[in-house]
Amino acid sequence: MNILLPKIVTAGMLLAGTNIPEVDATAGEVAWVSGSAAAIGDRRYYDSYAHECVKPIAAGSTESVWAPSSVEAQGRYWLKDDDAPSNRMAPFIDEYIYTKARRKGEIVYVLRAPFATGLAIHGIEGDRVEVTAADDMGNALMPPIVRGLWEQAYGLWEYLFSDLQRVEKFTLLSIPLHPRTTITVRIVRNNADVDAAVGWISVGQWKALYAPGSSTRGGTQYGVETTPKAYNYFQRDDNTGKYKRRTGRKATLISGRVLIDAKKGPAAKALLDKVLGIPVAIEVSQLDRYSHISTVGFLTGSVVNDNPVTAPINFKVEGNV
């Protein structure tokens with residue numbers, strides 16, 4: 001079982017070559033400018049988030065020079081919309097998968113990620129993904145990866161007669177460790193007039209929970225449960241039985257057990273502490289037949305010391321929407 005221990009990605013880690021601007025006019029974003037007027041309801045982008053004006057501001061007034069996130073302005077003249085990250089930063093500073101960065105034709109992110117050994121991308125809308133890793137001098141750290149974003153058919157009938165589905169996630173477990181790693185992610189559409197999109201990008205170090213006596217085999221036990229969950233809302237009339245249904249977001253719930261060497265119990269507990277309360281990428285296996293046992297979500301677990309040789313970990317993952 002693999003868990004991506006994520007690095008916090010800030011705006012300063014995105015480098016030249018990223019093709020979504022800090023304030024994306026094509027996405028309808030308008031930058032806040034010191035000294036400019038604003039009316040109630042006007043939205044301005046500042047520090048990677050939208051801020052909405054709640055009190056009129058006259059051009060050139062004292063209030064017009066206060067940045068939206070300043071103590072003087074926040075709550076009095078501007079309200080930050082935590083559900084509206086900028087188009088550029090949506091895959092990094094917003095924890096949800098459904099809030100996506102979009103751009104016609106392709107999306108390119110060039111990201112400074114020192115000591116990162118892994119990558120996880122979810123909520124992809126594209127036809128292929130390309131990934132390269134290099135040092136700060138441009139020397140390649142690994143061969144470039146190009147992956148088509150189409151699922152394998154489940155069988156011959158599906159291959160011949162059904163519509164193949166696009167893959168919405170991509171993970172990479174083998175980026176060489178380097179103190180000055182630069183990762184380039186490109187999500188490409190075959191049609192340049194169609195939006196490419198991505199909801200969640202995480203870089204960091206993969207941490208594995210191995211089977212006892214092994215440093216390569218995953219310790220996940222058979223019996224893992226993977227459950228789709230829909231956050232739908234029903235309002236039913238008890239007199240007639242009629243109802244109104246509101247379609248909600250969908251997520252994946254995973255629960256199971258990992259068996260590790262008892263000597264690794266303290267390290268496993270420390271890993272669970274590190275990821276507690278933050279969304280992380282989970283990969284149970286790289287084999288295609290287990291590709292459905294993966295998600296982004298909140299991991300909780302308990303390390304059970306019931307014998308001196310092995311230590312089972314009972315885990316649950318509440319998938320993100």
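# Close-up views of a predicted model

**View 1. Helix H3 has an outward face.** On the face of H3 turned away from its buried side sit the exposed residues Pro-266, Ala-267 and Lys-274. The model shown here, and in every view below, is predicted. H3 spans residues 265-275, and its buried residues are Gly-265, Ala-268, Leu-271, Leu-272 and Val-275. Seen down the axis of H3, these buried residues fall within an arc of 120 degrees, so they line one face of the helix. Gly-277 follows H3 and has a positive phi, near 85 degrees.

View 2. The buried residues of H3 pack against strand S1 (2-6), S13 and strand S17 (250-261). They also pack against strand S18 (279-283), strand S19 (294-303) and strand S20 (310-319).

**View 3. Nine strands build an open sheet.** The strand order is S10-S7-S13-S1-S18-S19-S20-S17-S14, and the pairing is antiparallel. S10 and strand S14 (225-230) stand at the edges. Each has a single partner strand, so one side of each is left without a neighbour in the sheet. On average, neighbouring strands are turned by 35 degrees against each other, direction ignored. H3 packs on this sheet, and its direction makes about 130 degrees with that of S19.

**View 4. S17 and S20 run side by side.** These two strands are antiparallel, and nine bridges join them. Arg-257 stands opposite Asn-314 in S20.

View 5. In soluble globular proteins, nonpolar side chains tend to be buried together.

**View 6. Ser-202 sits in strand S13.** This serine belongs to S13. Its relative accessibility is 5%, so Ser-202 counts as buried, the cut-off being under 20%. Beyond residues up to four places away in sequence, Ser-202 touches Leu-4, Pro-6, Gly-118, Leu-119 and Ala-120.

**View 7. Asn-232 lies in a loop.** The loop runs between S14 and strand S15 (233-236). At 30% relative accessibility, Asn-232 counts as partly exposed. Leaving aside neighbours within four places in sequence, Asn-232 is in contact with Arg-246, Thr-247 and Gly-248. A polar atom of the Asn-232 side chain lies 2.8 Å from the backbone nitrogen of Gly-248. Lys-104 is 128 residues from Asn-232 in sequence, and their C-alpha atoms are 31 Å apart in space.

View 8. The chain has three helices and 20 strands. Its C-alpha atoms fill a box of roughly 70 × 70 × 50 Å, taken along the principal axes. Of its 321 residues, 41% are buried. Among contacts between residues at least 6 apart in sequence, 68% join residues at least 24 apart.

Notes
Residues are numbered from 1 along each chain as its sequence is written. This is a predicted model: local features need pLDDT of at least 70, side-chain atom pairs count only at pLDDT 80 or more; totals for chains, interfaces and linings use all residues. Side-chain values use heavy atoms; hydrogens and water are left out. Buried means under 20% relative accessible area, exposed over 50%, partly exposed in between (1.4 Å probe, protein chains only). Helices (H or I, at least four residues) and strands (E, at least two) are DSSP runs, numbered from the N terminus. The arc is that of the directions from the helix axis to the C-beta atoms. Contact means heavy atoms within 4.5 Å. Two strands pair if DSSP finds at least two bridges between them. Axes are lines fitted to C-alpha atoms, for helices over the stretch in contact, and angles run from 0 to 180 degrees between N-to-C directions. A polar contact is a pair of N or O atoms within 3.5 Å; within protein, one must be able to donate a hydrogen and the other to accept it, and residues adjacent in sequence count only if both atoms are side-chain atoms.
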